[in-house]
Every structure is written in C-alpha cells, then in structure tokens.
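I opened this model to look up its strand pairing, its helix packing and its pocket. My entries follow in that order.

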Amino acid sequence: TSLTYQRLAAHSSNGWKVRTCPASPRFLMPDFTIRAATDADRSVIAAIHAASWQEQYRDVLPSDFLDREIEGAMERHWQDQPFGEGDVVLMAEREGEAIGFAATWCNDFVYIDNLHVRSGQRSGGVGRALLAETARRLMTQGHSAADLHVVTSNDRARKLYGALGGESAGFENKPLLGHDVPHERIRWADLTLLSAFASDQT
C-alpha cells in the first residue's frame, strides 16, 4: 500500500522546522528541527558519521577498519576538527535526538564535506532540509557556489545531488581516514539552485 506524504517547512531566524506526515494521522511523524552545531555536539556527530560509514561503505573500506577502528577514528577526527567562524555545521533533531548533520568548510572555496542522516530517518526530507539551510546560510555570508565529493558507489547520494541541481565536475581518488576511495566531485555553481531544489518538500 502506498502512502502520500505531505511535507511542510517553515523558516525562522533559528533555522528550519520541518514536519513530515502521511495522509493518515496514524502514521504521524513528529517535527524535526535544524540548528547550528556546537562543541557539545562533537561526539554525537562522530557517532552518526561512524554509523553511516559502517552502513554504506562496506564496498569501499576494509571490514576490520569499519568494525574495530571507525568509531575511535571518528571521535578523534571530530574532536580535532576546527569549527571556524564562517563554517556551517548543522544538526537535525527530532524530539531532542540528533538524527543527522551537515558540515561545510569555508576557506579558499566552499566545501560541503559531510551530509549524514541516521538509518531509519532517511527519505523523510532531513538531508534535503540540511542542504537547504546550509545553502541559505552560505548565501547570507555572501557565498555563491559550493562543491562536494561523493563516493562513486553511493548511487543514492549521487542521485539526490543530481536532483538538487548539482553537476559533475569530474572523478578522483580521495582519502577517507587514510584509505583512498574513488569519488565524484559535485558542483553547484549557483547556490540558489541548491536552496530552491532542496527546499522543495513536495
């Protein structure tokens, strides 16, 4: 049986508040909110990041690394990662529980480094909302373009970025915590496209 979902999004000065619910009240899902991450979020970001890699990167990273080392490696990585004043690091939460995050670094160019949503929370507009709020905040800072890398075997993510107006900028190997993995570079030459497509919850 297919269900028709209605997605409602409202923007405030604090970010996005998004409600995703199917036609039947029986399947009502609570709202999720998006806010700026703080230093207190580093461990939960690391946990979401590690779990995402364990679920999605079995075909490109060694099993021993994913099973035994990834959690500690991610914890160290995120404890050491600077959050610059112009960087955009966002948390998505539902009922007080972190369900996803996005991290974008703004140095010589704008780089969307991470977008991860917990298993079981995907396909509900969380990733789109994180990207839409990222684009909005970047444009507020005066940025007009952004790049990211996506693992070439991650067809689901590549399809999403294409649907959100991203264009391929070539293929290259990129290290993932010391392991070289094939990636596709995705570019938004105009962030208004990412904001518009990602904000469309219909």
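I started with strands S7 and S9 (residues 179-188), which run antiparallel and are joined by 6 bridges. I took strands as paired if DSSP finds at least two bridges between them. Strands (E, at least two residues) and helices (H or I, at least four) are DSSP runs, numbered from the N terminus. In this pairing I found Asp 147 opposite Arg 187 of S9.

This is a predicted model: local features need pLDDT of at least 70, side-chain atom pairs count only at pLDDT 80 or more, and totals for chains, interfaces and linings use all residues. Residues are numbered from 1 along each chain as its sequence is written, and side-chain values use heavy atoms, with hydrogens and water left out.

Next I checked S8 against S9. They pair antiparallel over 8 bridges. Lys 174 faces Val 181 of S9. Phe 171 has Glu 184 in S9 as its bridge partner. The hairpin of S8 and S9 has 2 residues between the strands, and Leu 177 takes a positive phi near 50 degrees there.

Then I turned to helices. Two packed helices are described by the angle between their axes and the distance between the axes. Axes are lines fitted to C-alpha atoms, for helices over the stretch in contact, and angles run from 0 to 180 degrees between N-to-C directions.

I looked up H1 with H2 and read an angle of about 150 degrees, with the axes 8 Å apart. The residues in contact (heavy atoms within 4.5 Å) include Trp 53 of H1 and Trp 78 of H2. By class, this contact has 9 nonpolar, 4 polar and 3 charged residues. I counted Ala, Val, Leu, Ile, Met, Phe, Trp, Tyr, Cys and Pro as nonpolar, Asp, Glu, Lys and Arg as charged, and the others, Gly among them, as polar.

For H3 and H5 (residues 191-199), the axes come within 8 Å and cross at roughly 145 degrees. Among the contact residues are Leu 131 of H3 and Phe 197 of H5. I noted 10 nonpolar, 3 polar and 1 charged residues in the contact of H3 with H5.

Last, the pocket. A pocket is an open set of points on a 1 Å grid over the protein atoms alone, where a 1.4 Å probe fits, with protein on both sides within 12 Å along at least five of seven lines; lining residues have an atom within 4 Å of a point. Which residues lie nearest the centre of the largest pocket? I found Leu 115, His 116, Asn 154, Ala 157 and Tyr 161, out of 40 lining residues. S6 gives the largest share of this lining, 7 residues. The lining divides into 17 nonpolar, 16 polar and 7 charged residues.
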